[in-house]
Amino acid sequence: INITLKIWRQQGPEDRGHFENIAVKDVDTHSSFLEMLDFLNEKLILEDKEPIEFDNDCREGICGTCGIVVNGIPHGHGKGMTVCQLHMREFSDGDVIVVEPFRARAFNVIQDLIVDRNSLEKIIQAGGYISVDTGGAQDANALPIAQEKAEEAMDAAACIGCGACVATCPNASAMLFVSAKVSQFALLPQGKPEASHRVLAMLKEMDHCGFGNCTNHRVCESACPKEVSITHIARFNREFLKAALLNKSLL
């Protein structure tokens, strides 16, 4: 198929950036979206032009680095997948595809389609961990955990931190990401000792990084490639209220 990419080009964080129309011919419909960009970059390099910069790593929907907005939707229109899992057979001959980076105050554009998502790492550093003694592995039956709780914690831990929830939220809120990271520990006994500190510290860091507030638009849930549920946001709110009541000095 032959397509036209209306793609965002930006030389650096200080550059205003602009959209550029690039015709891409003879695209293999079996190729992925990122493979199409690889093909285009090879063509641009041969023509002595600047290739399009974009993030990628595993290309299996695991790492979450391939954050791109395709036709106004983070990771494209496919449900429950990242942009590296989007294939060109989903498009038609003659389509004009708009490609741009994630847009959020907390995500600075580094170049073209690459954004700085270190703000999500800072939130994890603020409290997305547990402190345990080192040594031999604990017996699996020493801490009994209900099956449904373990599965729900694993569902929350499935969040890959790609930032699609932030990019699609009209407030650029990171609440789905933060609540998932809180839930994966709040549901397990190993996460109880630091529960109060965790939820307050991560919320403070989220605000400090410039993310917006959650107003329950629910678009974050639909954009999440791992289909993380917004029920984790409700749990986050409960954990926050408990932490605030138990230890006001941490506020």
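Let me start with the largest pocket, where β7 (114-116), α2 (118-127) and α5 (175-186) each supply at least two residues of the lining; helices (H or I, at least four residues) and strands (E, at least two) are DSSP runs, numbered from the N terminus. Please keep in mind that this is a predicted model, in which local features need pLDDT of at least 70 and side-chain atom pairs count only at pLDDT 80 or more, while totals for chains, interfaces and linings use all residues. Residues are numbered from 1 along each chain as its sequence is written, and side-chain values use heavy atoms, with hydrogens and water left out.

A pocket here is an open set of points on a 1 Å grid over the protein atoms alone, where a 1.4 Å probe fits, with protein on both sides within 12 Å along at least five of seven lines, and lining residues have an atom within 4 Å of a point. Of the 17 lining residues, Gly 64, Thr 65, Arg 117, Glu 121 and Gly 161 are the closest to the centre of the largest pocket, and α2 gives the largest share of the lining, four residues.

Turning to the sheet, five strands form an open, mixed arrangement in the order β2-β1-β5-β3-β4, where two strands pair if DSSP finds at least two bridges between them. Because β2 (18-24) and β4 (73-74) stand at the edges with a single partner strand each, one side of each is left without a neighbour in the sheet. Further in, β3 (residues 69-70) and β5 (residues 96-100) pair in the antiparallel sense over two bridges, and Val 69 has Glu 100 as its bridge partner in β5.
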